Amino acid sequence: MKYIILALTLAQLNISFADYKDFYFKRAQNVQISKSKPEAFPTQVNAQWFDQKISHFDKENLETFKQRYYVNNKYAKSADAPVLLYICGESTCHSSSVTRGAIVEYAEVLNAKIVALEHRYYGKSQPFKKLTTENLKYLSTDEAIEDLSYFQASFTQKHGLTGKWIAIGGSYPGSLAAYYRLKYPNLVVGALASSAPVKAKAKFNEYDAHVAKVVGQECATNMWDAIWEVEMVMDIPKEMAKIKAKFNASDIEGNVDFLYFMADIGAMAAQYGFVTPFCNALKNARTALDGYAQFAKKTLTAYGMRANDINIAAATSTDPADYETGFGMRQWLYQSCTEYGYWQVADNKNSVRSSLIDLDYHNGVCKKLFDLTTPVDTTHINETFYKPLLESKYASNIFFTNGSTDPWLNLSLLPEEVDNELNTYFVIMGAAHCNDLHSSSANDSSDLKLARIMFMQLMATWLNE
């Protein structure tokens, strides 16, 4: 199914999420669900631990590590309830993964169980005490997919479950959800791949071009003016020190690293839906650079971060404890260096980042952090996981959603580009990265509401097949 055509428009239906239950019970092909009465939701969902294999492919390595997971049983207490598997990714997995967001609303409608599994090497799911290059060799997409399979089989047997499973993920975990359905259609009947960059690419210049398109010509010009002002004084240490201090980024040592920090701030504005305040800051300040700095400081404060937290310096430590409460910068850069690339380089035509941020810069990062001298090879990911998604004989029952303002949609699957009609594709106009995974709101656009309705219909169909 490339498109789902609804008999009524959202305006005609006047659907709020409070109406979802009755709507789906009447229209979703009479899906069979558990009728058990849910118990009061506990005030806290505690972490549980699973003995996961360190390697599913190295037969000589029989060691295991403790992998963290969370379970929400509020809406389903019977063994035949559906299971919504939330796949955590390149940061720590919190209990909120099973207690907040659209997945909880879906579980309430379907009387489903929610299970969230933390990704190996992230958060507290650590196979080794140090994140050295040698120890990181088991951090791969193949191992992560097998983690899901082994965990699901063990969890199902342990609890005597008979319900069907659906995989859900956003961004990189969205890719994992699609890959998991592709490889194990016998284990999950369908998957939601929200904002999922399923295609690996070393030189990802489309990201920067998309940012330029989203912010518009005036803002893009202001961004470049700020970048140019920095580039003009890069050989003058005192002037660079003044600029870094203006951004509260004095802890960033390298000048190109600082330019990357600037690019990340602008990219975050486009990716997460903050274009208007960002562009207004650049436009209304004394100079574009001053406005850039003001927005950067507000962003860092809002996220409780330092400038170095989104810089290469944040990936130098080999101590897993330094990454266990947030984004696993070192681990993710390792995956980027060995599997995905995703290197956000300056676009030749519509650049809103310095041309100094090129492939050589990123290859230098891989050399500095991991002593890797060979550029990333994306062949395995694309041949094993991406290309099969394009063919109906391999992939089905995957819902690809993307926000129109999200630069990552350039590596996802879009309706006008794919012929596999056993999957479904939808671009949410005006939406940012993974917006459809958030809890429903009265302020949601018609497209965002429609995306959630489409997914509910798809899940009902998959569970009834």
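If the bonded cysteines of this protein are numbered in sequence order, their pairing reads 1-2, 3-4, 5-6. A disulfide here is a pair of cysteine sulfur atoms within 2.5 Å, and a search of the whole structure finds three of them.

Before the details, a word on the basis. This is a predicted model, in which local features need pLDDT of at least 70 and side-chain atom pairs count only at pLDDT 80 or more, while totals for chains, interfaces and linings use all residues. Residues are numbered from 1 along each chain as its sequence is written, and side-chain values use heavy atoms, with hydrogens and water left out.

Let me take the disulfides in turn. C88 and C93 form a disulfide with their sulfur atoms 2.1 Å apart. I shall call a residue buried under 20% relative accessible area, exposed over 50%, and partly exposed in between, with a 1.4 Å probe and protein chains only. C88 counts as buried because its relative accessibility is 6%. C93 is buried as well, at 1% relative accessibility.

C219 and C279 form another disulfide, and their sulfur atoms are 2.2 Å apart. This link of C219 and C279 is left-handed, with -90° about the S-S bond. The pair joins distant parts of the chain, since C219 is in helix α7 (residues 217-231) and C279 is in helix α10 (residues 275-284), 60 residues apart. On helices and strands, the assignment follows DSSP runs, numbered from the N terminus: H or I with at least four residues for helices, E with at least two for strands. Both C219 and C279 are buried.

In the disulfide of C337 and C366, the sulfur atoms are 2.0 Å apart. The torsion about the S-S bond of C337 and C366 is about -90°, so this disulfide is left-handed. Distant parts of the chain are linked here too: C337 belongs to helix α12 (residues 329-340) and C366 to helix α13 (residues 359-370), 29 residues apart. Both C337 and C366 are buried.

C434 is buried, with a relative accessible area of 10%.

I turn now to the sheet. Strands of a sheet pair through backbone hydrogen bonds, either parallel or antiparallel. Two strands are taken as paired if DSSP finds at least two bridges between them. In this model, eight strands form an open sheet of mixed pairing, in the order β1-β2-β4-β3-β5-β6-β9-β10. The edges are held by β1 (48-53) and β10 (424-428), each with a single partner strand, so one side of each is left without a neighbour in the sheet. On average, neighbouring strands of this sheet are turned by 20° against each other, direction ignored; the axes are lines fitted to C-alpha atoms, for helices over the stretch in contact, and angles run from 0 to 180 degrees between N-to-C directions.

Within the sheet, strand β3 (residues 83-87) and strand β4 (residues 113-117) pair in the parallel sense over five bridges. I87 stands opposite L117 in β4.

Both of these residues return in the cavity search. Rolling a probe the size of a water molecule over the atoms shows where empty space is left. A cavity is a set of points, on a 1 Å grid over the protein atoms alone, where a 1.4 Å probe fits but cannot get out, and lining residues have an atom within 4 Å of a point. Grid points are joined across faces, edges and corners, and a volume is the space filled by probe spheres set on the points.

How many cavities of 30 Å³ or more does the whole structure hold? The search finds two. The largest cavity has a volume of about 60 Å³. Its lining includes I87, C88, L117 and L148. Helix α4 (residues 141-159) gives the most to this lining, with three residues. By class, the lining of the largest cavity has six nonpolar, two polar and three charged residues; Ala, Val, Leu, Ile, Met, Phe, Trp, Tyr, Cys and Pro count as nonpolar, Asp, Glu, Lys and Arg as charged, and the others, Gly among them, as polar.

Finally, two backbone details. N111, although not a glycine, has a positive phi of about 55°. N111 lies in the loop between α3 (102-110) and β4, and is buried at 13% relative accessible area. S195, also not a glycine, has a positive phi of about 50°. S195 is placed in the loop between β6 (188-194) and β7 (201-203), and is buried at 1%.

Terms used
On a 1 Å grid over the protein atoms alone, a cavity is a set of points where a 1.4 Å probe fits but cannot get out, and a pocket is an open set with protein on both sides within 12 Å along at least five of seven lines; lining residues have an atom within 4 Å of a point.
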